[in-house]
Amino acid sequence: MNDRAGRRRARRLAIGTAVVLALAGMNGPWLYRFGTAKYHQYQINKPEYKAENGKWEIVDFPEKYRQNTIHAALLRTGKVLLVAGSGNNQDNFDAKRFDTRIWDPVKGTIKKVPTPKDLFCTGHTQLANGNLLIAGGTKRYEKLKGDVTKAGGLMIVHNENPDQPITLPAGTKFTGKENGKTFVSRDPVVVERATKVFDKQTGKFLRNDPGLGRIYVEAQKSGAKYETGTQDNYRIQGLTGTDARNTYGIAQKLALDKKDFQGIRDAFEFDPVAEKYIKVDPMKEARWYPTLTTLSDGKVLSVSGLDDIGQLVPGKNEVFDPKTRKWTYLSKVRQFPTYPALFLMQNGKVFYSGSNAGYGPDNVGREPGIWDVDSNKFTKIPGLSDANEMETSGTVLLPPAQDEKFMVIGGGGVGESKLSSNRTRIVDMKADSPKFVDGPTLEKGTRYPQASILPDDTVLVSGGSEDYRGRGDSNILQARLYHPDTNTFESVADPLVGRNYHSGSLLLPDGRVMFFGSDSLYGDKANTKPGTFEQRIEIYTPPYLYRDSRPSLSGGPQTIARGASGTFTSPQASVIKKVRLIRPSASTHVTDVDQRSVELKFTVSGDKVKVTVPRNKNLVQSGWYMLFVDDDQGTPSKAQWVRVP
């Protein structure tokens, strides 16, 4: 434990003891009445308490500006993009009410922005030009078993013609050869031509491997009698001649089972200056719950998600080129669960922590490791405790980023499991043989924990729930500061609002942290009342902002190249002890692969602070950053925005 944290704990104990002694001399009824909510408010607003624990405050927008915030990103203007799309609300989806807001945390203003598609459960990441890339979203809401009226499912269309692909329009009918039942496609599908296979030794032609297309089909009429129980081959109505011979469908059971969400291919850049969406080339694959991660060459990797027929994208990953604004497939496939936590490493490879948001087989793509995207080689990392409880866990690159240590926080069992983990696990990626070791434990098993890097090198870990989507009134109203230097947690003030599924957090330029969202499945301990979406935003002001003074920073260049330096002015230059370059967050579903805090070397001369940006492009990716300086008490300045080209 560091000395500062120890002093805080001692002072909290002293304050708590004084409270007990004071109340002990009062009569019982008064103690009961005064010692609850009113006294709690009195205590947490005392200056000495805030200086030790920080303070939480609710930002309650006027009703017309409230939304079911699913995604949030800090823009280079200092404003926050709040994206709901349809907000996990079927009525909004059906009415095409898609919602985006821009909130200015300094002025307190909020503005509605036209939203072109349902960006509910999209993916996003910061681009080098300061725009936010957004890709994927919702094409269809899930239908639970009992709500499905027409039997349906996945049809794999085969094309054995090696000379040309074939396109089947929406409304194509497929009739089973054995069951005689007819199903209709909901969308068009292009089935690629077959591949000719030759013997490598003799060059002799062996066979045609058919091209494949995936399409969702459903029965023409409602009712259980149209379900099928086994696999069947399906002839395609309307085809004649060689097309009829070469093209056919194969489907497993087509039933009234639950139908999962379906994704979209649409992609956009959000321009923070014009404050509008800009349409770019759509992805090759439709994706719902994808992760977007910037690669070494500045292109953006799009991974996983549910496709346009509600199936997990079968390992077909793709990259976005910000120069052409177009997407191309990777040459090899690799499959992950949805919203996998993927981070660019300093050697240009990608670290997968095992954290994810759920959908996908429980035995495919779950193990953490190092992914060489170019060769597709994947090296597993051992030592992960509670390895079967990685869904809804959080992962953060601990500060400073140069140390390349990652922390995995909490998590739960696959699907709607009641299992939850109170573990934190830490891996040093600079070790000769990286392996996970356990860090400090949480008080409770925690799904959906939020983790935000602060400019003093601590990490704020808050919220979450013990059970899936807060079942059983299991939200965790606790917050901790993690100290990487001592590998310890320090308790701080408790949040006022519970946060579980569909919640997130991000660091603001003034050093505070905002929290958004939460989508409880039920609203009571007995799990009998439907939950309501938490629309309030909450702000945490860390203890460092309740000190007598803080350093200031001004002037200096707006652009600093890697390996280059920039000089800023600070009246407190003589007491500056740290300089940090923090990438702004883009957060959703316990996934924020953008945030990182990079240590900058610096020199001081008078009131001038000269900072130098590291040369490694994988450590400092091109884009906009918040530049903070910390004084000898660990108090940060407000951020200056700096672009690294």
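How many cavities of 30 Å³ or more does a search of the whole structure find, and what is known of them?

Author: The model is predicted, so local features need pLDDT of at least 70 and side-chain atom pairs pLDDT 80 or more, while totals for chains, interfaces and linings use all residues. Residues are numbered from 1 along each chain as its sequence is written, and side-chain values use heavy atoms, without hydrogens and water.

The search finds nine cavities of 30 Å³ or more. On a 1 Å grid over the protein atoms alone, a cavity is a set of points where a 1.4 Å probe fits but cannot get out, a pocket is an open set with protein on both sides within 12 Å along at least five of seven lines, and a lining residue has an atom within 4 Å of a point. A volume is the space filled by probe spheres set on the points, which are joined across faces, edges and corners.

The largest cavity holds about 120 Å³ of space. Its lining consists of Leu442, Glu443, Lys444, Thr446, Pro449, Val461, Ser462, Gly463, Ile476, Gln478, Ala479 and Arg480. Two or more of these residues come from each of strand S35 (459-462) and strand S36 (479-483). Strands (E, at least two residues) and helices (H or I, at least four) are DSSP runs, numbered from the N terminus. Sorted by class, five lining residues of the largest cavity are nonpolar, four polar and three charged. Here Ala, Val, Leu, Ile, Met, Phe, Trp, Tyr, Cys and Pro count as nonpolar, Asp, Glu, Lys and Arg as charged, and the others, Gly among them, as polar.

The second largest cavity has a volume of about 100 Å³. Pro449 belongs to this lining and also to that of the largest cavity. Strand S30 (394-397) and strand S34 (450-453) each give at least two residues to the lining, and S30 has the largest share, three residues. In this lining seven residues are polar, four nonpolar and one charged.

The open spaces come next. The largest pocket contains about 920 Å³. It is lined by 37 residues, and those nearest its centre are Glu142, Tyr359, Tyr468, Arg469 and Leu521. The lining of the largest pocket divides into 15 nonpolar, 13 polar and nine charged residues.

The second largest pocket contains about 720 Å³. Its lining has 21 residues, with Val190, Lys284, Glu285, Lys316 and Tyr329 closest to the centre. Strand S13 (189-191) and strand S16 (211-219) are the elements that give two or more residues to this lining. Of these, S16 provides the largest share, five residues. The lining of the second largest pocket counts 10 charged, eight nonpolar and three polar residues.

Now the strands elsewhere in the fold. Strand S17 (residues 232-236) has a covered face, made of Asp232, Tyr234 and Ile236, and an uncovered one, made of Asn233 and Arg235. In a regular strand, side chains alternate between the two faces of the sheet. S17 is joined by three bridges to strand S11 (residues 173-176), and the two run antiparallel; Tyr234 is the bridge partner of Gly176. S17 is also joined by three bridges to strand S18 (residues 247-251), again antiparallel, with Asp232 partnered by Ala251.

A separate part of the fold is an open sheet of four strands in the order S26-S27-S28-S29, paired antiparallel; two strands pair if DSSP finds at least two bridges between them. Its edge strands, S26 (342-344) and S29 (377-380), each pair on one side only. The twist averages 25° from one strand to the next, with angles running from 0 to 180 degrees between the N-to-C directions of axes fitted to C-alpha atoms. Four bridges join S28 (residues 369-372) to S29, and Asp372 stands opposite Lys377 in S29.

The whole protein has six helices and 48 strands. Its radius of gyration is 27 Å, close to the 26 Å that the globule rule gives for 645 residues, so it is as compact as a globular protein of that length. That radius is taken over C-alpha atoms, and the rule is 2.2 Å times the number of residues to the power 0.38. The C-alpha atoms fill a box of roughly 90 × 65 × 45 Å along the principal axes. Buried residues make up 55% of the 645, where buried means under 20% relative accessible area, exposed over 50% and partly exposed in between, with a 1.4 Å probe and protein chains only.
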